[in-house]
Amino acid sequence: MPLDRSQVVHIAALARIGISDTEIDAYAGQLSDIIDQFEVLNELDTTGVEPTGHAGELRAVMRDDSPADSLPPDAALSNAPRREGEFFRVRAVLDE
């Protein structure tokens with residue numbers, strides 16, 4: 001399905017990109033080729049194929065989250081460059 005110049009200009013406007021007159025012809029051919037590939041996909045029989053969100057199987061690669069006791073304050077702050085009591089001391093990031 002070849003696209004004409006006005007369709008390419010319309011697509012460029014929707015995408016909010018500026019294209020020159022010489023680019024219109026090049027994009028018309030490229031976009032037409034892309035649409036042709038989708039037409040090939042439309043010819044496939046997908047009866048009984050359930051829609052998926054991903055092409056491959058997803059699986060969690062991280063361990064299960066399980067509750068555990070927190071570190072004692074001294075252990076948590078042992079490598080802190082600056083501390084104030086049982087808290088990390090950081091530079092101010094907001095002006096008052």
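Patches are made of residues with over 30% relative accessible area and no salt bridge, like charges being joined within 9 Å and nonpolar side chains (Val, Leu, Ile, Met, Phe, Trp, Tyr) within 5 Å. This is a predicted model in which local features need pLDDT of at least 70 and side-chain atom pairs count only at pLDDT 80 or more, while totals for chains, interfaces and linings use all residues. Residues are numbered from 1 along each chain as its sequence is written, and side-chain values use heavy atoms, with hydrogens and water left out.

**Figure 1. Nonpolar surface patch of Ile34, Phe38, Leu41 and Leu44.** These residues make a patch of about 420 Å²; accessible areas come from the Shrake-Rupley method with a 1.4 Å probe, and for residues only the protein chains shown count as cover. Leucine 44 lies in the loop between α2 and α3 (73-76). Helices (H or I, at least four residues) and strands (E, at least two) are DSSP runs, numbered from the N terminus. Leucine 44 has a relative accessible area of 53% and is therefore exposed; buried means under 20% relative accessible area, exposed over 50%, and partly exposed in between (1.4 Å probe, protein chains only).

**Figure 2. Salt bridge between arginine 5 and aspartate 25.** The side chains meet at 2.7 Å, N to O. A salt bridge is a side-chain nitrogen of Lys or Arg within 4 Å of a carboxyl oxygen of Asp or Glu. Arginine 5 belongs to helix α1 and aspartate 25 to helix α2, so that the pair links distant parts of the chain, 20 residues apart. Arginine 5 is partly exposed at 37% relative accessibility, as is aspartate 25 at 47%. Arg5, Asp21 and Asp25 are linked in a network of salt bridges.

**Figure 3. Salt bridges of arginine 83 and arginine 89.** Aspartate 74 and arginine 83 meet through their side chains at 3.3 Å, N to O. Aspartate 74 is exposed, with 55% relative accessible area, and arginine 83 is partly exposed, with 40%. In the pair of glutamate 84 and arginine 89, the closest N and O atoms are 2.4 Å apart. Glutamate 84 counts as partly exposed at 45%, and arginine 89 is partly exposed at 43%. A search of the whole structure finds four salt bridges.

Figure 4. Serine 32 counts as buried because its relative accessibility is 7%. Its side chain reaches the backbone nitrogen of leucine 3 at 2.8 Å. Not counting residues up to four places away in sequence, serine 32 touches Met1, Pro2, Leu3 and Tyr27, where contact means heavy atoms within 4.5 Å.

**Figure 5. Positive phi at arginine 16.** Arginine 16 is found in the loop between α1 (5-14) and α2 (21-42). Its phi is near 55°, a positive value in a residue other than glycine. Most residues other than glycine have a negative phi. With 74% relative accessibility, arginine 16 counts as exposed.

Figure 6. The C-alpha trace spans about 70 × 45 × 20 Å along its principal axes. Of the 96 residues, 8% count as buried. The accessible surface comes to about 9,300 Å², of which 55% belongs to carbon and sulfur atoms.

Conventions. Polar contact = N/O pair within 3.5 Å; in protein donor to acceptor, adjacent residues only side chain to side chain.
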